[in-house]
Amino acid sequence: MPRFQGFSAQEKQRMEIIINASKYCIHKAQDEAFSDYREFIRRAHKYFDLRNVAGGHEAGTHLIMKTVSSMRLMIDSDTYHIIKGGDQGNTNADMSTVIGFHRAKFAGDKKQVAVQARTQGTMMYAGRTINAYEARLLSYGQKGSAPMHFYKGFFELSGKLNDKQSQVETFLHELSHGAGATEDVDAPSCYGWQGVEYCKRNGTSTVNAENYGFFLQSYLFS
Ligand SMILES: [Zn+2]
């Protein structure tokens, strides 16, 4: 388990259940990708609409796989810690993203190349191409730990709810920011099932945290 800061014993117990359920989802997704690829792709279509993702369906599938494996590395190695915060209104939780989709600073066709690389899970950092996990290591250090915050609203959510926001979905959403460099695309348009649909329509689903939260949570239901 990661390090906990500011949680009561009861809240800590609750968090451990949520973390274990999230871990189950991530492992199940990765197992499915290798054992039942057809089913994995069917599910990816539902939550990301691969026909419409930036960079095309092949790049989109790569990015989903890379993001899920980065999330697995972070959750299995406990290289993050969780902090309880107070009342933040509509914000239930947060975790900073490593290098955002729109932060590749290139002009002309170079920008196109950088954006295309990003859609396959590769980012530019100090002139070099790196993947999401390397980006995380650069930001927090190999022994460093990334902070994830949970606020009052989080404790008012249900534990799990298929295709809806929940504690498991929120945890997975945040982990995708910290481990996989996802973003909140055009916030607040990107939240909830409507947000998942919004990003599917405009081709940004594979870089939007909420799509990963909903996609991965679905493994608790089928
Ligand atoms: Zn977010």
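Predicted model: local features only at pLDDT ≥ 70, side-chain atom pairs only at ≥ 80, totals over all residues.

Trainee: Which way do E1 and E2 run, parallel or antiparallel?
Mentor: Parallel: E1 (residues 3-5) is joined to E2 (residues 80-84) by three bridges. Within that pair, Gln5 is opposite Ile83.

Trainee: And how many bridges join E2 to E6?
Mentor: Five, and E2 and E6 (residues 146-150) also run parallel. Ile83 turns up again here, with His149 as its bridge partner in E6.

Trainee: In which sense do E3 and E6 pair?
Mentor: E3 and E6 are antiparallel, with three bridges between them. Look for Met95 there, which stands opposite Met148 in E6.

Trainee: OK, stepping back a bit. How many helices and strands does the protein have?
Mentor: Eight helices and six strands. In sequence order the pattern is β-α-α-α-β-β-α-β-β-α-β-α-α-α.

Trainee: Which residues have the most contacts inside the largest nonpolar core?
Mentor: Ile26, Phe48, Met71, Leu172, Leu175 and Leu216, in a core of 42 residues. H3 gives the largest share of this core, with seven residues.

Trainee: Let me pick one of those. What is Leu172 in contact with, leaving aside its neighbours within four places in sequence?
Mentor: Its partners are Ser22, Cys25, Tyr212, Gly213, Leu216 and Gln217. Leu172 is also one of the H6 residues that make the contact with H8.

Trainee: So at what angle do the axes of H6 and H8 cross?
Mentor: Roughly 130°, with the axes of H6 (residues 167-180) and H8 (residues 209-217) coming within 8 Å. That angle is why H6 counts as oblique to H8. The crossing is right-handed. On the H6 side the contact includes Val168, His173 and Ser176, while H8 brings residues including Ala209, Phe214 and Leu216.

Trainee: How do H3 and H6 pack?
Mentor: Their axes are 8 Å apart, at an angle of about 95°. H3 is therefore roughly perpendicular to H6. Residues of H3 including Met71 and Met74 meet residues of H6, among them Leu175 and Ala179.

Trainee: Which residues in H7 are buried?
Mentor: In H7 (residues 192-201), Gly195, Val196, Tyr198, Cys199 and Lys200 are buried. H2 and H8 are among the elements that cover them. Just past the end of H7, Gly203 has a positive phi of about 80°.

Trainee: Where is each of them, and is it buried or partly exposed?
Mentor: Asp49 is in the loop between H2 and H3, and it counts as buried because 20 other C-beta atoms lie within 10 Å. Asp163 is in the loop between E6 and H6, and with 15 C-beta neighbours inside 10 Å it counts as partly exposed.

Trainee: Where is the cis peptide bond?
Mentor: Between Ala187 and Pro188, with omega about 5°. Pro188 belongs to the loop between H6 and H7.

Trainee: Last one: how far apart are Ala54 and Val207?
Mentor: In sequence they are 153 residues apart, and in space 9.2 Å, C-alpha to C-alpha. Ala54 sits in the loop between H2 (37-48) and H3 (56-77). It is partly exposed, with 19 other C-beta atoms within 10 Å.

Conventions
Residues numbered from 1 in each chain as written. Pairing = 2+ DSSP bridges. Helix = DSSP H or I, 4+ residues; strand = E, 2+ residues; numbered from the N terminus. Buried ≥ 20, exposed ≤ 12 C-beta atoms within 10 Å, placed from the backbone. Core = buried A, V, L, I, M, F, W, Y, C linked by C-beta atoms within 7 Å. Contact = placed C-beta atoms within 7 Å. Axes fitted to C-alpha atoms, helices over the stretch in contact; angles between N-to-C directions. Parallel < 35°, antiparallel > 145°, perpendicular 65-115°, else oblique. Left-handed = near helix turned anticlockwise from the far one by under 90°.
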